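Please consult the sequence and the three-dimensional view first.

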Amino acid sequence: MCQNHGVAYIKPGEVEIQEIEYPKLALGDRKCEHGVILKIVSTNICGSDQHMVRGRTTAPAGLVLGHEITGLVIEAGRDVEFIKVGDLVSVPFNIACGRCRNCKEGKTGICLNVNPSRPGAAYGYVDMGGWVGGQAEYVMVPYADFNLLKFPDKDQAMAKIKDLTLLSDIFPTGFHGAVTAGVGPGSIVYVAGAGPVGLACAASCHLLGAAVVIVGDMIPERLAQAASFGCEVIDLTKDTPLEQAIAEIVGVPEVDCFVDCVGFEARGHGAHAVEERPATVLNTAMAVTRAGGAIGIPGLYVTGDPGARDTAAKEGSLSIRIGLGWAKSHSFYTGQCPVMKYHRNLMNAILWDKIQIAKAVNVEVISLQDAPRGYADFDKGAAKKFVIDPHGMIV
């Protein structure tokens with residue numbers, strides 16, 4: 001039997017490459033005839049993974065990480081009809097059965113059948129159903145006909161694999177944040193955070209026709225990366241109030257659309273930039289979004305944060321000025337991106353050269369053995385997206 005290796009969470013600040021079990025077409029003691037086994041071509045380090053590795057979740061030691069997966073089908077169950085051995089496919093990070101009420105309504109991020117503890121599941125993530133992660137050499141994917149996006153031409157796809165690998169999560173998630181914030185032709189948009197999702201969101205805003213895309217962050221390299229593809233940028237370590245900084249760019253202290261690509265590990269602004277203030281981005285969103293505007297929240301907020309500073313935040317309870325948002329008739333959209341809602345069209349945008357998403361998020365390809373270094377660099381604020389190539393297939 002082939003060996004398999006994966007990236008395992010050991011303890012806060014530490015991941016390790018371990019030999020792990022080769023995947024089987026099985027769900028517990030039951031044969032998984034609707035599943036496939038993939039030889040992984042590329043898998044990515046996500047900011048959501050960093051929350052676990054920093055010790056900010058209840059992730060158990062030994063959890064095999066990774067929910068952004070692209071791979072070759074090498075084995076298929078008896079009931080898989082439309083995906084074939086040899087197909088090159090993108091795997092949505094949401095695991096969805098395709099049969100429940102939510103899946104049939106297109107809400108694949110909150111499938112009701114794939115996680116016994118709550119709606120929604122993902123590979124290699126705490127409290128998301130116990131599915132083995134994909135930062136590995138091989139992985140099993142269930143409900144293959146429903147979940148997988150087959151690339152129409154394998155050679156064409158491999159030529160653009162650095163872009164296409166982002167279809168499993170980061171590109172659709174950034175796009176979803178922009179769509180739910182109401183971004184369209186002529187919009188003035190503020191994107192909070194210039195990490196990989198924030199950069200993907202900013203690029204998506206351009207794709208959707210935004211007139212001005214403003215990106216705020218505290219790390220100069222990330223701000224420079226956002227500026228490299230036409231974004232206006234704001235350094236949040238400076239004392240200038242955000243409303244004033246926005247007004248200096250667009251003439252008024254407000255935006256049409258706001259996207260939170262930071263989540264619960266947010267810090268304060270200006271003199272408070274060194275302090276963790278988890279409600280900062282949400283309260284800022286309500287302050288600077290125009291009356292009647294919309295706020296997309298793809299940034300992660302958790303129900304359990306053992307590293308939080310206060311008791312309320314440990315349970316995901318934040319001090320939110322909801323009265324301000326109510327008074328301004330804001331629309332709020334939260335939750336996991338339903339990747340399948342977007343990934344086919346975004347694939348076409350990549351294949352037809354309408355967007356260079358890998359360039360926007362500054363992809364760096366690393367080996368599986370180099371994954372611990374990728375995690376460390378990401379945690380230091382590197383302005384790039386780390387893509388793991390387990391088999392040396394990306395050139």
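Buried means under 20% relative accessible area, exposed over 50%, and partly exposed in between (1.4 Å probe, protein chains only). This is a predicted model, in which local features need pLDDT of at least 70 and side-chain atom pairs count only at pLDDT 80 or more, while totals for chains, interfaces and linings use all residues. Residues are numbered from 1 along each chain as its sequence is written, and side-chain values use heavy atoms, with hydrogens and water left out.

Q: Is F146 buried, partly exposed or exposed?
A: F146 lies in helix α3 (residues 144-147); helices are DSSP runs of H or I with at least four residues, numbered from the N terminus. Its relative accessible area is 31%.

Q: Which residues is F146 in contact with, leaving aside neighbours within four places in sequence?
A: Contact means heavy atoms within 4.5 Å. Under that criterion, the partners of F146 are A96, C97, G98, C103, T108 and M340.

Q: How are α6 and α7 oriented to each other?
A: The axes of helix α6 (residues 170-180) and α7 come within 7 Å and cross at roughly 60°. Axes are lines fitted to C-alpha atoms, for helices over the stretch in contact, and angles run from 0 to 180 degrees between N-to-C directions. Angles under 35 degrees count as roughly parallel, over 145 as roughly antiparallel, 65 to 115 as roughly perpendicular and the rest as oblique. The two helices, α6 and α7, are therefore oblique.

Q: What separation lies between the centres of domain 1 and domain 2?
A: The domain assignment, automatic or from a database, gives domain 1 (4-169 + 338-389) and domain 2 (174-334). Across the two, 25 residues of domain 1 are in contact with 23 residues of domain 2. Taken over C-alpha atoms, their centres are separated by 26 Å.
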